[in-house]
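This report covers a few local backbone features and one group of surface charges. Please look at the sequence and structure first.

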Amino acid sequence: MSTPSTRTSTGTAATPDNAGPAAVPAQGGGPSGEHRHGAVLGGLLTLPLFEQLCGVLGGHPYVKVVVDRHEGVWHVLDSSVHSFHVNYIATEVLGMTLDELDADLDGFNHSVYHDPERRFLLGVLSLHTGGDAVPQDRAAQPFMVLETTEADTMGAALLTEFYTEVRAHLDEALALAVKPANHGQENAVAAVPETDLPRAQGHELFSAAPFVPLTLGTATGRLRRFADEDDYRAARAGLAWYDIVAMPVVPDDIPRIAGLLNAQPTTPLSHTNMLAAGWGVPNAIVRDALDRIDDEKLDGAWVSYEVTTEGARLERTEEPADLTEPAWHTQRIRIDAPSRDDLPIVPLAALRTGDRHAYGTKAANLGELHHVLRNGSARLTGYYAVPRPPRADLLGHLATRLGASGQGEELAEAADGFLARHVKAPEGVAVPFSLQQRFLDSSPAIQQSIGKLKMALELGAMDAVDAVCVQLQHLVRTTPVPDDMARTLDAHLVRHLAGAQRFAVRSSSNAEDLPGFSAAGIYESHTQVTDLPGALDAIRQVWASLLSPRSVRLRHEAGISLDDTYMGVIVQRYEPSPLGGVMVTCNPTNRADFRNVYLNCAHGSTAAVVDGSTLPMQYLYNTVEGGGRTLSLGAADTDLDVETRERLARLALAGRLLQSHFATDYTFAAPLDVEWLLTAEGRLHVLQLRPYNA
């Protein structure tokens with residue numbers, strides 16, 4: 001089974017610095033129009049000529065087009081010759097050298113993407129079939145979509161002119177629609193009648209996409225096809241590390257396996273897909289995957305599975321004569337020694353990053369966030385200071401985003417002020433590892449069960465491990481918290497969270513967010529807590545999640561010792577919110593994209609986003625030139641309003657600044673995973689942040 005992909009709404013147009021895709025070789029020119037090196041000028045673009053000139057991106061054939069408004073001519077570029085719009089314009093139209101172009105690339109980009117009096121209109125024509133973007137009576141017929149680059153500021157007049165020029169040179173048999181490339185263009189064309197400017201929304205194309213890559217990679221394994229979750233759960237205990245699971249949507253409790261294949265839409269930011277990204281296993285959405293597996297009788301067969309940006313490939317192969325252990329069986333995960341010192345419960349605002357050894361990564365990172373919002377940080381501009389050849393850096397772009405007139409100290413102060421105005425860290429307290437240890441030591445029955453668990457792990461008796469884990473979790477959940485510990489927690493809640501009507505109790509372990517080991521979704525959080533008994537119960541539930549069969553198995557497979565694993569707890573003031581979600585400060589489907597961050601949200605609880613119980617709204621926000629675009633409406637009926645989307649753009653920029661602060665090296669490239677909510681007053685609250693391991 002080889003599945004060509006469909007272009008998702010991440011777009012086919014070249015980015016403003018022209019970091020576009022490699023083109024698929026084409027066959028040369030066509031019968032109409034004047035020919036220039038690697039392009040056809042004027043004339044009618046027919047489907048045969050399009051097929052001669054096109055490349056392929058995301059499974060869709062496409063060509064780049066340029067309208068020269070001064071000369072009254074359009075150019076259709078041969079994709080095998082010209083990968084970038086601006087290179088073609090500079091060298092073939094204006095007679096410049098590439099060195100001359102690179103010397104002022106930002107200025108040139110401004111002249112073609114932002115100048116309202118621009119000479120050139122740049123875009124991409126891609127070929128599609130079916131979907132919601134065309135009338136039902138033509139749903140099976142091919143149609144063209146015209147779009148600009150995501151950072152292009154074309155308004156309604158220029159987009160209409162662009163459409164009119166392309167429509168006049170396109171075979172009448174091909175329907176043509178304009179896809180607004182960003183929220184600014186959507187707003188600009190909202191008042192233009194569809195009869196004057198037919199449109200295909202990005203989320204419509206995304207919803208019809210038969211293929212979306214989630215994690216690129218290759219694997220050889222045994223294919224396991226499940227019709228639904230009941231089918232999967234009946235067989236889950238028998239899954240092996242070399243299995244590749246295909247089903248409608250792979251659920252949250254998947255063990256570590258060789259690959260994932262979803263037949264229905266999901267989001268890269270669900271816990272399941274974050275785990276797959278952290279494991280580095282191939283993962284994709286392929287709409288007709290289950291039918292193809294049935295047709296080719298691949299269920300239970302050994303297959304080679306590959307996910308690229310172009311598509312997903314499944315091919316039958318021979319079962320290996322000798323199953324070599326995967327690298328993650330032999331490459332042990334390094335975990336820093338936890339602090340067992342008897343430390344106090346403290347307010348989150350008192351912690352710094354170095355306190356992760358005693359309070360866990362999440363608690364320490366929230367403490368560090370409090371510090372940055374109070375005191376600023378000299379590191380916030382680091383991501384933008386990195387050279388991006390041919391640019392020396394992106395600091396000028398950041399200054400534009402922040403409204404700063406200069407760089408250096410002025411830009412750093414603008415970054416500090418931006419975060420302080422728009423971001424709020426949660427109020428709460430952090431419970432250290434030592435309190436968990438004191439609780440475990442208070443119960444001889446718990447200590448006896450921990451001894452049994454260690455013995456079962458040493459013997460590799462995984463069936464016994466599961467049984468002991470279940471018993472141990474029950475003991476942790478039901479053993480009373482010693483009175484002195486309960487009084488201590490009560491005193492801190494009175495002191496730091498007086499007036500709170502509801503609390504969120506979250507995990508903060510040292511055995512998560514490690515290089516090579518993602519623990520997304522394997523530890524518990526509770527948000528329905530209103531009083532001290534409820535807080536004590538929720539804390540025990542969080543402690544017990546460290547001992548679940550799944551979490552123990554995953555850590556054991558990674559070589560993380562039970563003796564080195566501890567759980568801190570965060571007790572936060574619960575903030576009611578009409579909107580919440582998750583953001584990663586990268587584009588998880590295209591890690592070469594240094595501009596965009598990926599943001600998911602849903603109305604109400606953020607839990608619905610991360611646990612996969614609802615399909616969220618999905619967005620990309622450009623943190624260099626600015627602007628955003630809607631990828632998917634998910635389960636929502638309508639998109640967010642303009643003001644809310646602008647607030648999310650500020651959240652995206654804040655995430656990029658915080659990525660710089662939390663980076664441990666000087667490339668500032670390691671992205672963050674941020675859980676957030678937007679209050680009714682429009683304030684952005686960061687609930688937790690941690691490294692995004694992919």
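The notes below take up backbone geometry and then surface charge.

The model is predicted, so local features need pLDDT of at least 70 and side-chain atom pairs count only at pLDDT 80 or more, while totals for chains, interfaces and linings use all residues. Residues are numbered from 1 along each chain as its sequence is written, and side-chain values use heavy atoms, without hydrogens and water.

Most residues other than glycine have a negative phi, and most peptide bonds are trans.

| Residue | Phi | Relative accessibility |
|---|---|---|
| Lys297 | about 50 degrees | 65%, exposed |
| Phe668 | near 55 degrees | 10%, buried |

Buried means under 20% relative accessible area, exposed over 50%, and partly exposed in between (1.4 Å probe, protein chains only). Lys297 is in the loop between helix H10 (289–295) and strand E15 (302–307). The loop that holds Phe668 runs between helix H24 (642–662) and strand E27 (672–678). Helices (H or I, at least four residues) and strands (E, at least two) are DSSP runs, numbered from the N terminus.

A cis peptide bond, with omega near 5 degrees, links Pro389 to Pro390. Pro390 is placed in the loop between helix H14 (382–385) and helix H15 (395–402).

On the surface, Asp228, Asp230, Asp231 and Asp299 form a patch of negative charge. Asp230 belongs to helix H8 (residues 229–235) and counts as exposed because its relative accessibility is 64%.

Terms used:
Patches are made of residues with over 30% relative accessible area and no salt bridge: like charges are joined within 9 Å, nonpolar side chains (Val, Leu, Ile, Met, Phe, Trp, Tyr) within 5 Å. Accessible areas come from the Shrake-Rupley method with a 1.4 Å probe; for residues, only the protein chains shown count as cover. A salt bridge is a side-chain nitrogen of Lys or Arg within 4 Å of a carboxyl oxygen of Asp or Glu. Lys and Arg count as positive and Asp and Glu as negative; His and the chain ends are not counted. The place of a charge is taken as NZ of Lys, CZ of Arg, CG of Asp or CD of Glu.
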